[in-house]
Amino acid sequence: MATTRREFLKGAGAAVAAGTVGFPAGARAQARKGVPSDPVKIGVLAIRAGIAAPVGTAGLRGTEWWAERVNKSGGILGRQVQLVVEEESNPKDTVERYRKLVLQEKVEVVLGGISTGVTLALGPVAEDMGTPWLSWDGTTQKGVEETMPKTNWAFRSVDNEVEAIVAGILTPKYFKGVKTVAGIGNDYSYGHDCWETYQVVLKKYVPDAKFVLELFPKLGVTDFTSHIAAIQQAKPDLLMTSFWSGDATILMKQAAAVGLLKTMKGVFTTAGGVHDSLKKEFTPEGLLLGYNTMYFDDPKGSPLLKQFVREYKAKYNEYPPYECDHAYFNAESYKAGVEKAYAAAGQWPSKAQVVKALEGIEVESLSGKRSWREDHIQMCNFYQGITTHKNGYDFATIDPIEVVSTKQAMKPAGAKLLDWINGWKI
């Protein structure tokens with residue numbers, strides 16, 4: 001639990017006015033030559049309210065776990081980590097909180113950001129403020145091209161269309177004979193871009209596929225009965241959705257109530273982000289389900305993943321979703337960047353030196369090796385598979401597990417997304 005700033009100054013634990021995770025007083029290590037002795041302050045923007053709260057909360061938990069782990073081992077170059085947490089909400093308010101983190105709290109880096117609308121607003125501000133921002137999520141193609149065509153201080157998430165690309169590649173592998181497809185996604189850039197991308201990819205493999213219905217409810221809508229009725233009337237062979245948070249569970253429940261997925265195949269590109277809530281009683285077997293960049297039950301997972309899953313379950317009584325991996329990677333790569341820049345400079349590096357060190361850096365994350373491409377975009381693996389009830393949980397998992405690298409499923413630096421896909425040779 002976070003404590004007050006006064007308690008932090010007394011050495012009682014974690015400081016925070018805005019909400020922070022700190023460290024026990026006894027955990028201080030001797031800072032190295034040229035390194036300040038005070039804590040290194042790291043800003044975090046996390047959604048903790050509304051339909052996206054499960055995903056934002058998971059990202060914050062992953063960051064807190066990282067901070068506790070780092071502080072126990074002596075901090076970053078001997079400096080303990082102090083997280084200063086602010087809420088991600090609407091773009092305007094989140095931008096103001098970002099400014100507060102930089103100008104008032106004097107953080108050295110800002111981590112976080114999930115909603116596309118928010119992250120597209122943060123990108124230009126990060127450039128103006130001259131402080132590195134490492135985004136967990138939320139950078140879709142069209143928005144990036146308009147607001148972040150070139151970034152010096154912003155480090156962007158994996159292209160948000162990657163899960164749709166992977167699903168488009170895997171759909172014909174697992175669902176033979178699909179001819180008609182309906183789509184439902186949120187009515188903002190992520191939902192529209194994923195649907196468009198999925199169609200273009202699927203057409204490469206199934207040229208005669210027809211897209212018979214597209215639905216775009218507003219983000220935050222919780223009653224999908226009219227949408228489900230429209231899907232029933234269209235009678236597609238397959239339903240694709242890019243719902244990624246609590247709305248994915250709600251759609252699944254309401255679809256089960258009328259037996260919707262008994263009459264068609266289903267592709268839920270990113271619903272693994274709320275996997276604990278996809279209970280067997282309403283989540284059928286045989287769906288293509290995406291877990292984004294981390295699958296908690298990966299039998300080939302590293303000791304780091306297994307430790308994290310074990311401790312996360314013990315603390316929160318649920319299993320960690322992919323946002324934990326994005327968040328852990330951002331924080332761990334920042335630490336590695338500082339250490340790399342320090343090795344070259346011989347003193348605590350400037351923000352600009354850290355940015356340079358981050359370019360191309362690779363670290364061990366919860367899902368394995370992850371890196372920053374030279375153009376400030378994350379590289380990693382994506383996990384999708386077919387839902388099964390053959391497990392020891394009360395929710396669906398996947399088997400088999402498909403692991404697809406961004407080296408295959410994300411456009412190269414400098415390429416245009418649809419031009420790149422249209423150039424594939426199938």
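Entry 1: The model I am reading is a predicted one. I then checked Y319, which is also buried, at 18% relative accessible area; the cut-off for buried is under 20%.

I next examined the rings of F296 and Y319, which form a tilted aromatic pair with 5.1 Å from centre to centre and 40° between the planes. I noted that this pair links distant parts of the chain, 23 residues apart: F296 lies in the loop between β10 (288-290) and α10 (303-316), and Y319 in the loop between α10 and α11 (323-345). I recorded one aromatic cluster made up of Y291, Y295, F296, Y319, Y393 and F395.

**Entry 2: W195 and F211.** W195 sits in helix α7 (residues 189-205) and F211 in strand β7 (residues 210-215), 16 residues apart. I found W195 buried at 4% relative accessible area, whereas F211, at 24%, counts as partly exposed.

**Entry 3: the whole chain.** I counted 14 helices and 15 strands in the protein chain. I compared the radius of gyration of the chain, 22 Å, with the value near 22 Å for a compact globule of 426 residues, and the two agree. I noted that 61% of the 426 residues count as buried. Of the contacts with a separation of 6 or more, I found that 70% join residues 24 or more positions apart.

Technical notes
Residues are numbered from 1 along each chain as its sequence is written. This is a predicted model: local features need pLDDT of at least 70, side-chain atom pairs count only at pLDDT 80 or more; totals for chains, interfaces and linings use all residues. Side-chain values use heavy atoms; hydrogens and water are left out. Helices (H or I, at least four residues) and strands (E, at least two) are DSSP runs, numbered from the N terminus. The radius of gyration is taken over C-alpha atoms; the globule rule is 2.2 Å times the number of residues to the power 0.38. Buried means under 20% relative accessible area, exposed over 50%, partly exposed in between (1.4 Å probe, protein chains only). Contact means heavy atoms within 4.5 Å. Rings of Phe, Tyr and Trp (its six-membered ring) pair if their centres lie within 6.5 Å; planes under 30 degrees apart count as stacked, over 60 as edge-to-face and the rest as tilted.
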